[in-house]
Amino acid sequence: MVAVLLIVVNIAVFLYQLTLGQEGESRFLQSFAMIPRHFFSSEPSPVSWLPASATLVTSMFLHGGLLHLGSNMLYLWIFGNNVEDVMGKLRFFVFYLLCGCAAAYAYAFFHDSSPVPMIGASGAVSGVLGAYLLLFPRARVVTLFIFFFYIRTVSIPAMTVLGLWFLLQFLNVLVADTTIGGVAWHAHIAGFVAGLLLVGLFKKRDVPFGNIRGRLRYP
């Protein structure tokens, strides 16, 4: 399964990062991350031998910490299997990479002078969420609901969960300080929109939109 393989690769790269030490990991991230200021510059990056275009791909396999990695891989684990099922292995892999590249490019476009590296699979995973929304809007997502001392799990339609997720990304673009390092909200939105636009090209022809039920996988 490609989704599982992607998770394994992301974990393996993160474990490799940990072996480099603080200084070595910093150089590694600077070399393979997507840095907007270098991406649109005609001058080569001073820290990387890679062409800037290649960092659209390499950046999506890097993560800045265990929480960053864990949250991305959890979403991919839960939602990726159904999307892969309706696309097939090769198409899903290409779809995932295209969504990640679209997300990274959008981030670079909106922050073209920024020297802050962008890393993470969030953009690609957001594309998977966008595809899932159109394919399985009636699937039920089990969510933990907490209100003071009241704690229980509730089953919510995927359309509601993912719609609220997208709204949250959009609101954060409006209020977040994008001049400093942090979450790449623009990349999340661009990846999600890319997923919405591309899913029709990558799904199998006999798979309809919206009237099939996904089988969510839980850890």
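The axes of helix 1 (residues 2-18) and helix 2 come within 8 Å of each other and cross at roughly 135 degrees, where axes are lines fitted to C-alpha atoms, for helices over the stretch in contact, and angles run from 0 to 180 degrees between N-to-C directions. The structure is a predicted model, in which local features need pLDDT of at least 70 and side-chain atom pairs count only at pLDDT 80 or more, while totals for chains, interfaces and linings use all residues. Residues are numbered from 1 along each chain as its sequence is written, and side-chain values use heavy atoms, with hydrogens and water left out.

In the contact between these two helices, Val13, Tyr16, Gln17 and Leu18 of helix 1 meet Gly21, Glu25, Phe28 and Leu29 of helix 2, contact meaning heavy atoms within 4.5 Å. By class, the contact of helix 1 with helix 2 has 5 nonpolar, 2 polar and 1 charged residues; Ala, Val, Leu, Ile, Met, Phe, Trp, Tyr, Cys and Pro count as nonpolar, Asp, Glu, Lys and Arg as charged, and the others, Gly among them, as polar.

Because Arg27 and Glu23 are 4 residues apart in helix 2 (residues 21-32), they are separated by about one helical turn.

Taken as a whole, the protein chain has 9 helices and 2 strands, assigned as DSSP runs (helices H or I, at least four residues; strands E, at least two) and numbered from the N terminus. From the N terminus on, the elements run α-α-α-α-α-α-α-β-β-α-α. Buried residues make up 47% of the 219 residues, where buried means under 20% relative accessible area, exposed over 50%, and partly exposed in between (1.4 Å probe, protein chains only). Among contacts between residues at least 6 apart in sequence, 75% join residues at least 24 apart.

The table sets out the accessibility of selected residues.

| Residue | Relative accessibility | Class |
|---|---|---|
| Glu23 | 59% | exposed |
| Phe109 | 51% | exposed |
| Val161 | 24% | partly exposed |
| Phe136 | 4% | buried |
| Cys99 | 0% | buried |

A search of the whole structure finds 9 aromatic pairs, in which rings of Phe, Tyr and Trp (its six-membered ring) have centres within 6.5 Å, with planes under 30 degrees apart counting as stacked, over 60 as edge-to-face and the rest as tilted. Phe109 and Phe110 form an edge-to-face pair, with 5.4 Å centre to centre and 90 degrees between the planes. Tyr75, Phe79, Tyr132 and Phe136 form one aromatic cluster, and Phe136 is found in the loop between helix 7 (122-135) and strand 1 (140-147). The C-alpha atoms of Phe136 and Pro157 are separated by 9.1 Å, although these residues are 21 apart along the chain.

Cys99 is placed in helix 6 (residues 89-110), and, not counting residues up to four places away in sequence, Cys99 touches Gly123, Ala124, Gly127, Gly191, Ala194, Gly195 and Leu198. Of these, Gly127 is 28 residues from Cys99 in sequence and 5.3 Å away in space, C-alpha to C-alpha. Val161 lies in helix 8 (residues 158-175), and the C-alpha atoms of Val161 and Pro137, 24 residues apart along the chain, are separated by 9.5 Å.
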